Amino acid sequence: MHPHLHTKDNTACEEIMTALEECHARGFLWKSVGMCNDTKHQVILCLRAERLKRTATNRAAAKIKRERVKKVWDDIDENS
């Protein structure tokens with residue numbers, strides 16, 4: 001399973017997602033015999049890459065916030 005496709009976080013994968021939707025629109029038989037598998041695999045890889053970018057950004061922001069909080073607590077401990 002993959003997350004919702006058309007969100008603000010997945011704009012880089014828009015072309016591949018559109019291709020997957022077009023493939024799925026061809027009908028059930030087209031999907032059931034695996035004609036959309038390559039496109040779906042590309043969507044999954046693209047979504048994973050986007051998720052890894054967001055994770056790295058969030059991790060960096062959390063590290064900065066942790067350092068700032070640690071500094072504040074160190075100042076509080078030092079002045080107490």
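**Reading burial, charge pairs and patches in a predicted model**

Tutor: Let's start with V43, which counts as buried, at 1% relative accessibility. Keep in mind that we are looking at a predicted model.

Student: Thanks! Where does V43 lie in the chain?

Tutor: V43 belongs to helix α3, which runs over residues 37–79.

Student: And how should I read its burial value?

Tutor: A residue is called buried when its relative accessible area is under 20%. V43 is at 1%, so it is buried.

Student: Which elements have the lowest and the highest mean pLDDT?

Tutor: Helix α2, residues 28–32, has the lowest mean at 88, while α3 has the highest at 95.

Student: Now to charges. How do I read a salt bridge?

Tutor: Side chains of opposite charge can pair when their charged atoms come close. The cut-off between a side-chain nitrogen of Lys or Arg and a carboxyl oxygen of Asp or Glu is 4 Å.

Student: How many salt bridges does that rule give?

Tutor: The count is two. In one of them, the side chains of E50 and K53 meet, with 3.2 Å from N to O.

Student: How are E50 and K53 placed along helix α3?

Tutor: They are three residues apart in that helix, so about one helical turn separates them.

Student: Which residue does K70 pair with?

Tutor: K70 forms a salt bridge with D74, and their closest N and O atoms are 3.2 Å apart. Both residues lie in helix α3, four residues apart, which is about one turn of the helix. D74 counts as partly exposed at 35% relative accessibility.

Student: What about charges that gather on the surface?

Tutor: For a patch, look for like charges joined within 9 Å, on residues with over 30% relative accessible area and no salt bridge. In this model E14, E15, E21 and E22 gather in a surface patch of negative charge.

Student: Where does E21 lie, and how accessible is E21?

Tutor: E21 lies in helix α1, residues 14–25. With a relative accessible area of 36%, E21 is partly exposed. E15 is in helix α1 as well, and E15 is exposed at 72%.

Student: Which residues make a nonpolar surface patch?

Tutor: V69, V72, W73 and I76 make one of about 370 Å². Take V72 as a case: V72 lies in helix α3 and counts as partly exposed, at 44% relative accessibility.

Student: Last topic: how should I compare separation in sequence with separation in space?

Tutor: Look at each pair both ways. V43 and E14 are 29 residues apart along the chain, with 9.1 Å between their C-alpha atoms. I44 and K71 are 27 residues apart, yet their C-alpha atoms are separated by 40 Å. As another case, E15 and L52 are 37 residues apart in sequence and 19 Å apart in space, C-alpha to C-alpha.

Terms used:
Residues numbered from 1 in each chain as written. Predicted model: local features only at pLDDT ≥ 70, side-chain atom pairs only at ≥ 80, totals over all residues. Heavy atoms only, no water. Patch = residues over 30% accessible without salt bridge, like charges linked within 9 Å, V, L, I, M, F, W, Y side chains within 5 Å. Areas by Shrake-Rupley, 256 points an atom, 1.4 Å probe, with all protein chains shown as cover. Lys, Arg positive; Asp, Glu negative; His and termini not counted. Charge placed at Lys NZ, Arg CZ, Asp CG, Glu CD. Helix = DSSP H or I, 4+ residues; strand = E, 2+ residues; numbered from the N terminus. Buried < 20%, exposed > 50% of the residue type's maximum accessible area, 1.4 Å probe, protein only. pLDDT = per-residue confidence, 0-100.
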